[in-house]
Amino acid sequence: MNKYITPSSNLSVFSCPHCGAIAHQIWVDTFMHDGSNDLDLIEGLFLSVCQNPDCRKQSVWYFEKLIYPLLSVAPFPYDDMPSDVKEDFLEARNVVEISPRPAAALLRLALQKLMKHLGQEGKDINKDIGELVKEGLPVKIQEALDSLRVYGNEAVHPGNRLKRRQGNSFEII
């Protein structure tokens, strides 16, 4: 399991909200140009700049609250996740706190793309999951994938009814 240090305005090292790396942060005050040659300090508005050489992105804080980027409780993707799947996964991770339905739809899309990387057709996720079960996919993983498939479908096609199929998974009718 990856170590995680919750970002906080009173820390100089934490898990970067952009890249996830535990990295030193440089804190910067913000100023506003008032039209003359003077700069006015913007009270309570700060930037933290990630010192991970692969990131160097800025996070925006208002007093003790991180306002950009939004923090997500969702995990970061594994390094070996295919890049097209990772892109959708990260987008879902970024929106889940403010809009769970689009996150579910994006994860369903990521799952569909992942099926192709796992040697399945990627057209019928239900069928693809069934094929993986035949190849020895553990039941817990099957149930998780079926849940993702069903909730992702519901996010895209609201109002569809669910019907239990063989085992513990569902089919949309």
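This is a predicted model: local features need pLDDT of at least 70, side-chain atom pairs count only at pLDDT 80 or more; totals for chains, interfaces and linings use all residues.
Five strands make up an open sheet, arranged in the order β1-β2-β3-β4-β5. Their pairing is antiparallel. The edge positions belong to β1 (13–15) and β5 (65–68). Each of these has a single partner strand, so one side of each lacks a neighbour in the sheet. From one strand to the next, the twist averages 50 degrees. In general, the strands of a sheet pair through backbone hydrogen bonds, in either a parallel or an antiparallel sense.

Strand β2 spans residues 22–33 and runs antiparallel to β3. Eight bridges join the two. Within this pairing, Met 32 has Asp 40 of β3 as its bridge partner. β2 and β3 form a hairpin, with five residues between them. The turn contains Gly 35, whose phi is positive, at about 100 degrees.

Strand β3 covers residues 39–50 and also pairs with β4, residues 58–62. This pairing is antiparallel and is built on five bridges. Leu 45 stands opposite Tyr 62 in β4. Leu 47 has Val 60 of β4 as its bridge partner. In a regular strand, side chains alternate between the two faces of the sheet.

Helix α4 was examined next. It comprises 18 residues, 139–156. The distance from its first C-alpha to its last is 26 Å, close to the 26 Å expected at 1.5 Å a residue. The buried residues of α4 are Gln 142, Leu 145, Asp 146, Arg 149, Val 150, Gly 152, Asn 153 and Ala 155. An α-helix has 3.6 residues a turn, so residues three or four places apart point the same way.

The structure holds one cavity of 30 Å³ or more. About 40 Å³ of space lies in the largest cavity. Its lining consists of Tyr 4, Ser 15, Cys 16, Pro 17, Leu 70, Leu 71, Ser 72, Phe 76 and Arg 93. By class, six of the lining residues are nonpolar, two are polar and one is charged. Among these residues, Ser 15 also falls within the edge strand β1 (13–15).

How values were computed
Residues are numbered from 1 along each chain as its sequence is written. Side-chain values use heavy atoms; hydrogens and water are left out. On a 1 Å grid over the protein atoms alone, a cavity is a set of points where a 1.4 Å probe fits but cannot get out, and a pocket is an open set with protein on both sides within 12 Å along at least five of seven lines; lining residues have an atom within 4 Å of a point. Grid points are joined across faces, edges and corners, and a volume is the space filled by probe spheres set on the points. Ala, Val, Leu, Ile, Met, Phe, Trp, Tyr, Cys and Pro count as nonpolar, Asp, Glu, Lys and Arg as charged, and the others, Gly among them, as polar. Two strands pair if DSSP finds at least two bridges between them. Helices (H or I, at least four residues) and strands (E, at least two) are DSSP runs, numbered from the N terminus. Axes are lines fitted to C-alpha atoms, for helices over the stretch in contact, and angles run from 0 to 180 degrees between N-to-C directions. The expected span of a helix is 1.5 Å times one less than its number of residues. Buried means under 20% relative accessible area, exposed over 50%, partly exposed in between (1.4 Å probe, protein chains only).
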